[in-house]
Amino acid sequence: MSEVGHRTVETNGIHMHLAEVGEGPLVLLCHGFPESWYSWRHQLAALAAAGFHAVAPDMRGYGHTDRPEAIDQYTMLHLVGDLVGLLDALGAEKAVIAGHDWGASVAWHAALLRPDRFDAVIALSVPFRPRGAVRPTSVMPQTDDKVFYQLYFQTPGAAEAEFERDVRFTIRSNLYWISGDAPRPPRSDPTEPVLMLPRQGGWVAQKPNPPSLPPWLTEADVDFYTAEYSRTGFRGGLNWYRNIDRNWELLAPFAGETVGVPALYIAGDRDPVVSFPGMDRLIPNLSQFVPQLRATLMLPGCGHWTQQERPQEVNAAMIDFLRSL
């Protein structure tokens with residue numbers, strides 16, 4: 001297997017760490033929360049072997065990339081700007097951009113805002129969501145005793161304190177409980193949206209530490225993430241959520257715009273994201289907003305951690321798509 005190299009480049013006013021391997025057309029791999037470049041470990045070598053230059057950065061706020069203090073330094077425009085600057089630092093005119101979770105949202109918007117630089121997109125878990133008519137947090141589900149997890153993440157310091165109390169427990173339980181291997185206990189109210197949290201409870205308290213790990217995840221993988229977040233904390237990644245409404249404001253000029261580049265969407269049918277409110281209407285009609293959507297691939301039994309849970313299927317789909325361009 002080709003050896004993965006690491007370096008740091010300057011982009012958009014920050015230092016960005018990246019892992020890279022291979023030679024050929026550039027493919028950027030953008031991770032989500034709470035992850036790192038390491039979540040693409042199975043894709044880096046496969047893409048290199050297929051003739052591509054695969055680059056997986058630690059995104060703004062994560063790992064060995066800078067973590068600006070101010071919350072407003074984590075908007076979608078900053079995140080896309082980081083990747084435009086990364087292309088410049090790599091001397092690349094264009095790249096295919098892939099992303100998972102929050103990284104998928106960044107990938108979609110990179111293709112939306114700069115199709116001249118990002119000429120195809122591969123999104124895992126999160127589909128392109130067109131800009132709505134109202135502030136996103138104003139329509140997130142909440143009841144007298146529960147709130148949608150993204151609302152819980154809005155208060156600076158609250159989720160950080162919970163997650164950082166026992167970093168290994170947080171990482172281990174989070175990777176397990178929203179994977180395709182975790183049991184889904186029956187809900188007392190089947191109409192209640194997924195990932196609702198007790199107002200007085202939090203995230204981790206609802207997810208006991210699993211006695212063993214699924215086959216796709218090792219204790220060494222947990223060790224890597226634990227070491228990263230023990231050093232950095234979770235604030236950087238959580239600040240992305242704290243810009244959801246600000247992103248809505250900033251992206252107003254692009255309301256109604258479609259993603260015009262070739263696209264591939266991959267998700268697991270046990271991923272909570274595909275059960276978010278409105279997804280049952282959005283995903284089947286995604287080509288309305290992404291006219292060059294080549295395929296939607298739903299992986300049976302796969303949960304949220306798409307490329308980690310199903311590396312062979314994801315690698316094959318990505319490489320087939322890349323070769324078709």
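Threonine 65 counts as buried because its relative accessibility is 2%, where buried means under 20% relative accessible area with a 1.4 Å probe and protein chains only. The model is predicted, so that local features need pLDDT of at least 70 and side-chain atom pairs count only at pLDDT 80 or more, whereas totals for chains, interfaces and linings use all residues. Residues are numbered from 1 along each chain as its sequence is written, and side-chain values use heavy atoms, with hydrogens and water left out.

Threonine 65 lies in the loop between β4 (53–57) and α2 (76–90), helices (H or I, at least four residues) and strands (E, at least two) being DSSP runs numbered from the N terminus. Neighbours within four places in sequence aside, threonine 65 is in contact with Ile14, His15, Met16, His17, Asp58, Met59 and Arg60, contact meaning heavy atoms within 4.5 Å. Two distances for this residue are tabulated here.

| From | To | Distance |
|---|---|---|
| Threonine 65, side chain | Histidine 17, backbone nitrogen | 2.8 Å |
| Threonine 65, C-alpha | Glutamate 10, C-alpha | 9.8 Å |

Elsewhere, the largest nonpolar core holds 111 residues, of which Leu28, Leu29 and Phe153 touch the most other members; such a core is a set of buried Ala, Val, Leu, Ile, Met, Phe, Trp, Tyr and Cys residues joined through side-chain atoms within 4.5 Å. Helix α3 (residues 102–113) gives this core its largest share, nine residues. Beyond the neighbours within four places in sequence, the contacts of phenylalanine 153 include Phe33, Trp203 and Arg242.

Definitions and conventions
Buried < 20%, exposed > 50% of the residue type's maximum accessible area, 1.4 Å probe, protein only. Polar contact = N/O pair within 3.5 Å; in protein donor to acceptor, adjacent residues only side chain to side chain.
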